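Me: I am new to this structure and would like a short tour. Could we go through it together?
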Amino acid sequence: MSAHASDALIRIDHLTKSYTRGGQRIEVLRDINLEVRRAEFVSLMGPSGSGKSTLLNLIAGIDQPSSGTIAIDGINIATLDESELADWRAANVGFIFQFYNLMPVLTAFENVELPLLLTNLSRKQRKAHVEATLEMVRLADRMDHYPNELSGGQQQRVAIARALVTDPTLIVADEPTGDLDRATGEEVLLLMDELHRDLGKTIVMVTHDPKAAARAGRMIHLEKGVLVDDNAGALVDAH
Amino acid sequence: MFLFKLLLKNAFRHRLRTILTMVGLVVAISAFGLLRTIVEAWYAGVDATSNTRLITRSSVSMGYPLPLYYGERIKRVEGVDNVTWANWFGGIYIDRRNFFARFAVDAPSYFAMYPEYRLSDAEKEAFLADRQGAVVGRRLADRFGWKLGDTIALSGTIYPGTWNFTIRGIYHGQDAKADETLMLMHWKLISESLRKHFSSAVANQVGVYMVNIKDPGRASAISADIDALFKNSAAETRTETEKAFQLGMVSMSQAILMAIRAVSFVVILIIMAVMANTMTMTARERLAEYATLKALGFSPAFVVKLLFGESLMIAAIGGAVGIALTFPLSVAFLKQTESLFKVFEVSQQTILLQAGAALCVGLVAAIWPAWKMSRIDIVQGLRHVA
């Protein structure tokens, strides 16, 4: 756990998550206690079924815990209702998914513009934001292209731009390189590294890949729903 | 604007599926409109009736004639303004399939009582002056290509022999409801022929009396007074308003009309099921997209709007084409069934019903998928991709 409690963006206390399937109660996460500082790049690792994706979903506010608290920037999101959570996510979280999850009928520009539709920005302001963000992910020349006209790496960069365009407090990434070849995955990781380093974004990333995990400053290991290892403070430089 | 763009793009994402669904809608909506028009055409005679006219006929059956002198007695009943009469002529024009209504009428009093049949003064005079003359409706003349001066030969079925009539007038209906498919000839010609070949008793018979009354509010009382006049006579009468008379005629086809109505609604129910299936498939395929939108912060209401919007857009396009297609379909249908319907027009009410049906299909088809997708669990939805 982080020693810099005052700097904590994410504070998780006694978090549990369980499901009931076929009449049987399955504990996915057990008594998780964790803090993540602002501008920290954290990777969540663990074998399949360890609960890392569930933990990421809880941090992102797309799932609700069975017990415990998740405070993000001082707000206990475990107490928010569905509508409040949606508003909170729109304002605070940027999502990067393994399969990009872009709208196939929208261009790269329109996909990046999507989260901005939930803000009060004018059309002109939205355009400026989208163009600047696409420029940042080096896809300004592809903004009128549809996802099926882009490579996997380019699609993931559009997804990163979409995650970034609202300038969220937190970016969550679920296996962002899982569907990419090594070289393209490396490009995506480099880009995420830039977001963290240059823009000071707090990133929580789930990955199976130790090399990808090594990009993060902090690696957290989960096994069978329990946090087993956390190298908080020990910077791992994969470069 | 963005929502509309997204709706439009989504609607035509699977072009073949969307086009096939629209074709289904076009067929259903135009079939619905055509069937409604058929039902309305059946009732056209009822709609065209006047509330100041009564029909007096034999209480036994339409096939039993009434004596000619009844006319004078009916005329003397309080509240009666005028009386005219007509006999069903029957007959065959070239072939039995060339069916149209033919009535032998007392011409001067008949046209006075039916102002909705518009005939020029010159044509009326020509008709009145020619005992073998006939007047035909515009649509009937168009159907057989008749013009003024043409001679029409009818083989008698009720009145034996071959009857030649010269067209002296072509009348126009004062509005779309008026029947323009009648052929009218002189009752006197028929009567004289019957007198010559049979007897005066046979010659002085009338099929029905049409009675003009001054006050429609007294229709019921006047009807009762007329029937009372001939109570216990050899030819008792039954008098009713023109509307009731026409409804009585229509009621003979009630079962067919019910079936047509039922089919028209079944067609809509079928397309509703087809469209609901399309929308459900569409929603299921986009589960991950809706989950993504919700993850990004879009509300369940946005997802509902997307599904309802897309469904309504498909229904609106299909419905509009279906409505537009009803008009040429009706024209084609009428050409095939000219002898059957006097008035055959797609009414404003039918168009509204078609639009309502299309709207209803669009709404109903989206209810289930919209409800389902608005409630999807984001995590489960995102896993749909993975």
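This is a predicted model: local features need pLDDT of at least 70, side-chain atom pairs count only at pLDDT 80 or more; totals for chains, interfaces and linings use all residues.

Me: Good. How many helices and strands does chain B have?
Reply: Chain B has 16 helices and 12 strands.

Me: And is chain B compact or spread out?
Reply: Chain B is more spread out than a compact globule, because its radius of gyration is 30 Å, well over the 21 Å that the globule rule gives for 386 residues. The C-alpha trace of chain B spans about 100 × 45 × 30 Å along its principal axes.

Me: What share of chain B counts as buried?
Reply: Of its 386 residues, 38% count as buried. As for contacts in chain B between residues at least 6 apart in sequence, 81% join residues at least 24 apart.

Me: Let us switch to chain A. What is the strand order in the open sheet?
Reply: The order is β6-β7-β8-β3-β9-β10, six strands with mixed pairing. In chain A, β6 (93-96) and β10 (226-230) stand at the edges; each has a single partner strand, so one side of each lacks a neighbour in the sheet. On average, neighbouring strands of this sheet are turned by 20 degrees against each other, direction ignored.

Me: How do β9 and β10 of chain A pair?
Reply: Strand β9 (residues 218-223) and β10 of chain A pair in the antiparallel sense, over four bridges. A:H221 has A:D229, in β10(A), as its bridge partner.

Me: Which strands does helix α5 of chain A touch?
Reply: Helix α5 (residues 152-164) packs on the sheet and touches β6 and β7 (170-174) of chain A. The direction of α5 makes about 170 degrees with that of β6(A).

Me: Now helix α4 of chain A. What span should it have?
Reply: At 1.5 Å a residue, the 14 residues of α4 (residues 123-136) should span 20 Å, and the end C-alpha atoms are 20 Å apart, which agrees.

Me: Which residues of α4(A) are buried?
Reply: They are A:H129, A:V130, A:T133 and A:L134. Seen down the axis of α4(A), these buried residues fall within an arc of 125 degrees, so they line one face of the helix.

Me: Why would residues spaced like that point the same way?
Reply: An α-helix has 3.6 residues a turn, so residues three or four places apart point the same way.

Me: What covers that buried side, and what is on the face turned away?
Reply: The cover includes α3 (108-113) and α5 of chain A. The face turned away carries the exposed residues A:K124, A:Q125 and A:A128.

Notes: Residues are numbered from 1 along each chain as its sequence is written. Chains are lettered from A and ligands numbered from 1 in the order in which they are written. Two strands pair if DSSP finds at least two bridges between them. Helices (H or I, at least four residues) and strands (E, at least two) are DSSP runs, numbered from the N terminus. Axes are lines fitted to C-alpha atoms, for helices over the stretch in contact, and angles run from 0 to 180 degrees between N-to-C directions. Two residues are in contact if their C-beta atoms, placed from the backbone, lie within 7 Å. The radius of gyration is taken over C-alpha atoms; the globule rule is 2.2 Å times the number of residues to the power 0.38. A residue is buried if 20 or more other C-beta atoms lie within 10 Å of its own, exposed if 12 or fewer, and partly exposed in between; C-beta atoms are placed from the backbone. The expected span of a helix is 1.5 Å times one less than its number of residues. The arc is that of the directions from the helix axis to the C-beta atoms.
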